[in-house]
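Okay, thanks for coming, everyone.

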Amino acid sequence: MIDFLLNVVLDGLLLGGFYTIISIGLTISFGLLNISNVAHPTFMIMAGYVAYLLNAALGIDPLILTVITFPLFFFVGCVLYSIYNRVIAKRGYEGLMDLVFWFSFLIITEVVILMTLGSDYKSFYSAYMASSIRFLIFTIPFRLLIPFIFAVIIDVILYNIFSRTYFGLGVRALPQNRSSAMLMGYNPNRLELLAFGLSTATAAIGGCLLLMIQPIYPFLDRQFIGRIFAVTVLGGMGSFYGTIIAALIIGVIEAIVSAFFGASWSLCISFAVLLLTLVVSPRGLLRR
Amino acid sequence: MDRKSYQKSGQQALVKDKSGISRRAYIGILAGTAAAVAVGGVAYYFGSRLGQTGPRKPIRIGMAESLSGSLAAAGNAVLLSTQIWVDDVNGRGGLLGRPVELIFYDAQSNPSLGVTLIEKLLDVDKVDIALAPYASAMGIPTIPKYIERNRLCPALFNLWGNQQFSYKYYFELMPDGPIPPKTGKTRGLFEIAKSLSPKPSKVALLAVANEWGQRSITEGARDLCNEMGFEIVYEQIYPPDTTDFLPIIRAVKNVNPDFIYAATYPTDSVGLIKALRELGYWTKLQFGGMVGLQYTSVQRSLASQLNGIVNYHYFVPSPTMNFPGIAEFLEKYQSKAAGLGVDPLGYYLPPFAYARMQVLEQAIEATGTVDNIELGEYIKKNKFNTIVNPSLEFAENGEWKEAQFIMIQFRNIQSADISEFTTSFDKPSDKIVIVWPPKFATGEVEVT
C-alpha cells in the first residue's frame with residue numbers, strides 16, 4: 001500500500017512538472033506584466049503544430065525542436081506585444097479590453113489552424129517516449145519525466161533572470177512604480193516587450209512537450225486555461241518558485257484524489273484548495 | 001393632302017406622341033400581356049406536373065455539422081461524405097429528376113447553436129430534409145425540434161438518442177442495435193471475455209464522464225456483468241479534461257482485475273493506453289469501448305503501444321466486410337480527404353454518413369416524394385441497400401434492427417506509418433484482426 005501511495009505522489013509531482021512548464025509563461029505575462037493573457041495556452045498549441053509540421057517535414061524530434069521554437073515564439077511574442085501595446089496598452093484600455101484582445105487572438109488562431117491544417121488529431125510517436133525507468137519501488141515514465149526536468153531548469157533560469165539581472169529587476173519594478181523605473185533609465189515598452197517574448201517562448205517549449213504527451217487539435221488550448229490561471233494565482237502572482245510549488249501541489253492533489261477517491265473529484269478539490277489558500281493568503285503561496 | 005387634313009393628322013400624331021401610345025394599341029398590348037401570362041402559367045403548371053420544364057427546383061438537404069470545435073474532426077468527415085453522395089446522386093441525374101442541393105452550417109460543436117441552426121434550416125431555409133448533427137451531445141438536443149414540426153429526423157451516432165422521445169420519424173445509422181448500451185459495442189468485450197477458457201471473473205470499469213462513457217457503464221456494462229457473471233472490482237468515471245491517467249491505472253493495478261472495460265473519448269483513450277504501457281501493466285483483455293482507436297491519427301500516435309488491445313469498431317476493410325459499393329466510396333473519400341485535414345482512411349464514421357444518405361435516396365425514389373411523413377413511414381417498413389449493410393432494417397425506435405459492430409485486435413504494429421493501419425478487401429489484415437462476431441471474424445482473439 002505504501003508503494004502504491006508513494007508512486008501516486010510521484011505521478012502527481014511529475015504532472016505538476018508539466019503544469020509548471022505550461023503555466024510559467026503566464027507567471028510572466030499575467031503575474032508580472034498584468035496582462036490577462038487568456039491566449040497563453042494558444043501559443044502552446046501553435047508551437048505544438050509548428051513542431052508537428054517540422055517533425056513531419058524534416059523528421060526532427062520535438063525535444064530538439066524546443067530549441068528552434070523557443071526563439072521563433074520569442075519573436076512572435078514580441079510582434080504581438082507591439083500590436084497589443086499600440087492597440088490596448090498605450091490607449092489605457094487595459095482590463096476588460098485585455099481579455100477581449102487576447103480572446104480574439106485565441107479564436108482567430110484556432111480557426112486559422114483549423115482551416116489550414118484541418119481538424120484531425122496531430123501526434124508524434126517515439127519509442128523512447130513510451131518507455132519508463134524503474135528505480136527502487138518507483139516507475140517513472142519518460143513522457144512526464146522530461147517535462148518535469150524542463151520545468152525545474154526553466155523555473156530556476158527564469159527566477160534568476162527576473163531576480164538578479166538588470167532587465168529582470170526592471171520588469172519587476174514596472175508594476176510597482178512605472179515612473180520611478182523610468183527615472184532609473186528603464187524603457188518600459190522595451191522591457192515589457194522582451195518579457196512578453198520570454199513568456200510566449202516558454203509556451204513554445206510547453207507545446208513541443210505537449211505533442212509528445214498526447215495528440216493535439218486546434219481547440220485543445222481551452223482545456224488548459226483554467227488550470228494555468230489557477231497555478232499562477234495559487235503560486236503568488238509573479239513568483240517563479242511559487243508557480244512550481246503550486247503546480248506540484250495541484251498535481252499531487254489531483255493524483256491522490258484520482259487514485260483514492262475518484263477522478264471526478266480531483267479538479268473540484270484542487271480548486272477548493274486554491275480558494276482556501278486565497279482566503280488565508282490572498283496573494284498566493286509566495287508573494288512576489 | 002390639303003392644309004386642313006395635314007393639320008388634323010399632325011394633331012393626331014401629336015396626341016400619340018404625348019401619350020406614347022394610342023388607346024387602341026394600349027388595349028391590344030394589355031390583352032396580349034394577359035394572354036401571355038395566362039398561357040405561360042398554364043404551361044408552367046402542366047409542364048411542372050409532366051416534368052417537362054427547364055431547370056427543376058432542387059431538393060434541398062440541410063445540415064448543421066460541427067466543422068469547428070472539439071467535434072470538428074468527425075464533423076468535417078461527415079460533411080465530406082455527404083458531399084460525395086450529393087455529387088454521386090447529381091451525377092446520376094438527381095432525385096425524382098431534380099438536382100440535390102446541400103445547405104450546411106457550422107454548429108461549432110456547440111449544442112445550443114446546433115439546435116438554433118436546425119430551426120433555421122427547417123423554418124427559414126425551408127429545406128426538404130434536415131440532417132441531425134453527428135454525435136449524441138449535438139444531435140439529441142435537436143430531436144424535439146423535429147418532433148414539434150413532425151419532420152423526419154435522420155440521426156448519425158446519437159447514442160440511443162430516441163430513448164426519451166420515442167419519436168416515430170427518427171432513424172439512426174450507428175449500428176448498435178435496438179438497445180445500444182446493451183446490444184451495442186459495450187457488449188463486445190464481455191462476449192469475448194465470456195468465451196475465454198478459463199473464464200475471467202473480475203473486471204475493472206473505466207469511463208469518461210460524458211454521454212457515451214456514463215451510459216455505457218450505468219445502462220450497459222453493469223447489467224452485462226450481472227448477466228454474464230463478472231464481478232466489478234473497480235469502477236471509475238473521470239472528468240473529460242483529465243490530463244494524467246497514471247494514478248487511475250495504478251489504482252486498477254492495485255485491485256488486479258482479470259480484464260478492463262473502458263468507455264472513453266480520443267484524448268483519454270491515448271492517455272490510458274500510454275499509462276498502461278508505462279507501468280508495464282497488462283490484463284487478459286482491454287479495453288473494448290474506446291472511441292478514438294478507430295481514427296488513423298490516434299492510431300498513429302500510439303503505434304506499437306496498441307498491440308494486443310481489443311476494441312470495438314464498426315467497419316474495417318476485409319474480405320468479410322466487402323459490401324457492394326464500399327470500396328468505391330472509400331476510394332473517393334480517401335482521394336479528397338488528404339487535402340482537407342480529416343481522417344485520411346475514413347473507416348469509422350464516413351461510410352455511415354454516406355449510408356444515411358443512401359437510405360434517404362432510396363426512400364425518396366420509392367415514394368416519389370420528399371414529404372417527411374411519407375418518408376418516415378417508408379423507412380420504418382422497408383430494407384435498404386447501403387454500403388455498410390446491403391439489407392439494412394430499422395427497429396421500431398429507429399435504431400438498427402440488428403447490431404453490426406465488430407471487435408478488432410491490434411497486432412504486429414511496428415511503426416506509426418499509415419500503411420500499418422491500412423487494410424484491404426482482398427486478404428485479412430494481420431495487424432487489425434476482426435475477432436468478433438464470428439460472422440465477420442478474420443482471426444481468433446489472442447490473450448496473455
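This is a predicted model: local features need pLDDT of at least 70, side-chain atom pairs count only at pLDDT 80 or more; totals for chains, interfaces and linings use all residues.

α3(B) has 20 residues, and from its first C-alpha to its last it reaches 28 Å. That's close to the 28 Å you'd expect at 1.5 Å a residue.

As a reminder, rolling a probe the size of a water molecule over the atoms shows where empty space is left. Here that gives 7 cavities of 30 Å³ or more. The largest cavity has a volume of about 150 Å³. Its lining is made up of 13 residues, and the ones nearest the centre are F157(B), M174(B), W212(B), Y265(B) and V291(B). By class, that lining has 11 nonpolar residues, 1 polar and 1 charged.

Now the second largest cavity, with about 110 Å³ of space. Which element gives the most to its lining? That's where our helix returns: helix α3 of chain B, residues 72-91, contributes 3 residues. The lining includes A73(B), A74(B) and A77(B), along with D120(A) from chain A. Also on the list are Q294(B) and Y295(B), plus D343(B) and a run from G346(B) through Y347(B), Y348(B) and L349(B) to P350(B). Sorted by class, you get 8 nonpolar, 2 polar and 2 charged residues around this second cavity.

Okay, on to charges. Side chains of opposite charge can pair when their charged atoms come close. Over all chains, the structure holds 29 salt bridges. I'll pick out a few.

Take R143(A) and E278(B), with their closest N and O atoms 2.4 Å apart. R143(A) sits in helix α5 of chain A, residues 142-164, and E278(B) sits in helix α11 of chain B, residues 266-278, so this pair joins two chains. Are these two partners buried or exposed? R143(A) is buried, at a relative accessible area of 2%, and E278(B) is buried too, at 1%.

Next, within chain A, E192(A) and R178(A) meet in a salt bridge at 2.8 Å, N to O. This pair links distant parts of the chain: E192(A) is in helix α8, residues 188-213, R178(A) is in helix α7, residues 178-183, and they're 14 residues apart. E192(A) counts as buried at 9% relative accessibility, whereas R178(A), at 35%, counts as partly exposed.

Over in chain B, D125(B) pairs with K120(B), and there the closest N and O atoms are 3.3 Å apart. D125(B) is buried, with a relative accessible area of 15%, while K120(B) is partly exposed at 30%.

Last one: which residues are linked in a network of salt bridges? In chain B, that's E119(B), D123(B), K145(B), E148(B) and R149(B).

That's my tour. Happy to go back to any of these spots on the screen.

Terms used. Residues are numbered from 1 along each chain as its sequence is written. Chains are lettered from A and ligands numbered from 1 in the order in which they are written. Side-chain values use heavy atoms; hydrogens and water are left out. On a 1 Å grid over the protein atoms alone, a cavity is a set of points where a 1.4 Å probe fits but cannot get out, and a pocket is an open set with protein on both sides within 12 Å along at least five of seven lines; lining residues have an atom within 4 Å of a point. Grid points are joined across faces, edges and corners, and a volume is the space filled by probe spheres set on the points. Ala, Val, Leu, Ile, Met, Phe, Trp, Tyr, Cys and Pro count as nonpolar, Asp, Glu, Lys and Arg as charged, and the others, Gly among them, as polar. Helices (H or I, at least four residues) and strands (E, at least two) are DSSP runs, numbered from the N terminus. A salt bridge is a side-chain nitrogen of Lys or Arg within 4 Å of a carboxyl oxygen of Asp or Glu. Buried means under 20% relative accessible area, exposed over 50%, partly exposed in between (1.4 Å probe, protein chains only). The expected span of a helix is 1.5 Å times one less than its number of residues.
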